[in-house]
Amino acid sequence: MSMEPTSIIQMARGAVIERIDLEMLRVMENIQDLNTEPGKARQITVKVSFKPDNSRENIKVSYQVQSTLAPAAPIETSLYAGIQNQKLFAVENVPQVPGQIGLNGEEQEPPKLVALG
């Protein structure tokens, strides 16, 4: 019987390569997600652990493949705060005057009022 040398990555009947490819898909989907910051680095980590028995002849090999993705970018808005009728209030700032028609043809809705007590 002739045994051809192979890579440790090709062991486990190709399951390690399948896991790497699966994590690669997750990384590529994360890169294309417009809710993430494009300049953030993504990673795929392959951890290989070896645990020999007492005879040192049989070695259990364990693979762990995981990706580190970019988190969703923060969503930002701004508020205007004030006091009216002796109550604190806050409203979300909107880009135009409420009721005004924008260049896209849509009417600006009134700002959202934040309930404060």
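The buried residues of helix H1 pack against strand E1 (43-52) and strand E2 (59-68). Contact here means heavy atoms within 4.5 Å. Helices (H or I, at least four residues) and strands (E, at least two) are DSSP runs, numbered from the N terminus. This is a predicted model: local features need pLDDT of at least 70, side-chain atom pairs count only at pLDDT 80 or more, and totals for chains, interfaces and linings use all residues. Residues are numbered from 1 along each chain as its sequence is written, and side-chain values use heavy atoms, with hydrogens and water left out.

**Overall build**

- The protein chain has one helix and five strands.
- Along the sequence, the pattern reads α-β-β-β-β-β.
- The C-alpha trace of the protein chain spans about 90 × 35 × 20 Å along its principal axes.
- The radius of gyration of the protein chain is 28 Å, whereas a compact globule of 117 residues would have one near 13 Å. This radius is taken over C-alpha atoms, and the globule rule is 2.2 Å times the number of residues to the power 0.38.
- Of the 117 residues of the protein chain, 15% count as buried. Buried means under 20% relative accessible area, exposed means over 50%, and partly exposed lies in between (1.4 Å probe, protein chains only).
- Take the contacts in the protein chain between residues at least 6 apart in sequence: 35% of them join residues at least 24 apart.

**Helix H1**

- H1 covers residues 15-32, which makes 18 residues.
- From its first C-alpha to its last, H1 reaches 26 Å, close to the 26 Å expected at 1.5 Å a residue. The expected span is 1.5 Å times one less than the number of residues.
- Val16, Glu23, Val27 and Asn30 are buried in H1. They sit on the same side of H1 because they cover an arc of only 60° around the axis. The arc is that of the directions from the helix axis to the C-beta atoms.
- Glu18 and Gln32 are exposed on the other side of H1.

**The E3-E4-E5 sheet**

- Three strands make an open sheet in the order E3-E4-E5, with antiparallel pairing. Two strands pair if DSSP finds at least two bridges between them.
- Strands of a sheet pair through backbone hydrogen bonds, either parallel or antiparallel.
- Strand E3 (79-84) and strand E5 (113-114) are the edge strands, and each pairs on one side only.
- E3 and strand E4 (residues 87-92) run antiparallel and are joined by six bridges.
- Gln84 has Lys87 in E4 as its bridge partner.
- E3 and E4 form a hairpin with two residues between them. In the turn, Asn85 has a positive phi of about 55°.

**Phe89 and the aromatic pair**

- The structure holds one aromatic pair. Tyr80 and Phe89 form it, and it is tilted: 6.4 Å centre to centre, with 55° between the planes.
- Rings of Phe, Tyr and Trp (its six-membered ring) pair if their centres lie within 6.5 Å; planes under 30 degrees apart count as stacked, over 60 as edge-to-face and the rest as tilted.
- Tyr80 counts as partly exposed, at 48% relative accessibility. Phe89 counts as buried, at 19%.
- Phe89 is found in strand E4. Leaving out residues up to four places away in sequence, Phe89 touches Tyr80, Ala81, Gly82, Ile83, Gln84, Leu113 and Leu116.
- Phe89 and Gln66 are 23 residues apart in sequence and 46 Å apart in space, C-alpha to C-alpha.

**The loop between E4 and E5**

- Gln108 lies in this loop between E4 and E5. Gln108 is buried, with a relative accessible area of 14%.
- Not counting residues up to four places away in sequence, Gln108 touches Val94, Pro95, Gln96, Val97, Pro98, Gly99 and Gln100.
- Gln96 also lies in the loop between E4 and E5. At 28% relative accessibility, Gln96 counts as partly exposed.
- Gln96 is in contact with Ile101, Gly102 and Gln108, leaving aside its neighbours within four places in sequence.
- The C-alpha atoms of Gln96 and Ala41 are separated by 36 Å, and the two residues are 55 residues apart along the chain.
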